[in-house]
Amino acid sequence: MRQMWLRANLMKLNLECRYLAALLLDKFALKHDIVARDADLYSAATLLVAAKMREVDTKTPFVSEVKRFDSKIFFLTIKATIWSFKDLKEKEIVISDFFDWNLCFYTYFDYLEHFTNIGIL
């Protein structure tokens, strides 16, 4: 989870995207046994899926950018992650299939926006 937040900071993703990625990873991990060596790959895939759902089109990262940011995280955490673009795309499809391609989950930010619009907050 820590590396997902580091990766999101390097990609300059907004908080709404980060919370959605954490929610997707938590829901996915409840039903699947994730091997420790694949945990970082799944966190990168959920972050990529969340960015595609919540970010503005100009800020949505490409798979190559995720891998480039991962090399920076290697120097910050001293943990080597060796996976290819194909692996990342496969995990992204596995996660999307698990949720039946329905990735519109409500987060705290949706409620915050709603209450702000009606004048409660």
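Colleague: Which residue follows H1 and has a positive phi?
Modeller: Most residues other than glycine have a negative phi. After H1, phi is positive, near 60°, at Lys12.

Colleague: What kind of model is this?
Modeller: Residues are numbered from 1 along each chain as its sequence is written, and side-chain values use heavy atoms, without hydrogens and water. Local features need pLDDT of at least 70, side-chain atom pairs count only at pLDDT 80 or more, totals for chains, interfaces and linings use all residues, and the model is predicted.

Colleague: How many residues of H3 are buried?
Modeller: Buried means under 20% relative accessible area, exposed over 50% and partly exposed in between, with a 1.4 Å probe and protein chains only. H3 is largely enclosed by the rest of the structure, because the buried count among its 16 residues is 13.

Colleague: What does Leu47 touch?
Modeller: Contact means heavy atoms within 4.5 Å. Not counting residues up to four places away in sequence, Leu47 touches Met4, Arg7, Ala8, Met11, Leu13, Cys17 and Ala21.

Colleague: Is Asp100 buried or exposed?
Modeller: Asp100 is found in the loop between H5 and H6, and it has a positive phi of about 55° although it is not a glycine. Its relative accessibility is 64%, so Asp100 counts as exposed.

Colleague: What is the relative accessible area of Trp101?
Modeller: Trp101 also lies in the loop between H5 and H6, with a positive phi of about 60° although it is not a glycine. Trp101 is exposed, and its relative accessible area is 56%.

Colleague: Which residues make the nonpolar surface patch of about 580 Å²?
Modeller: Patch residues have over 30% relative accessible area and no salt bridge, with nonpolar side chains joined within 5 Å and like charges within 9 Å. A salt bridge puts a side-chain nitrogen of Lys or Arg within 4 Å of a carboxyl oxygen of Asp or Glu. One patch member, Ile118, is in the segment after H6 (108-117). The patch is made by Tyr106, Tyr111, Phe115, Ile118 and Ile120.

Definitions and conventions: Helix = DSSP H or I, 4+ residues; strand = E, 2+ residues; numbered from the N terminus. Areas by Shrake-Rupley, 256 points an atom, 1.4 Å probe, with all protein chains shown as cover.
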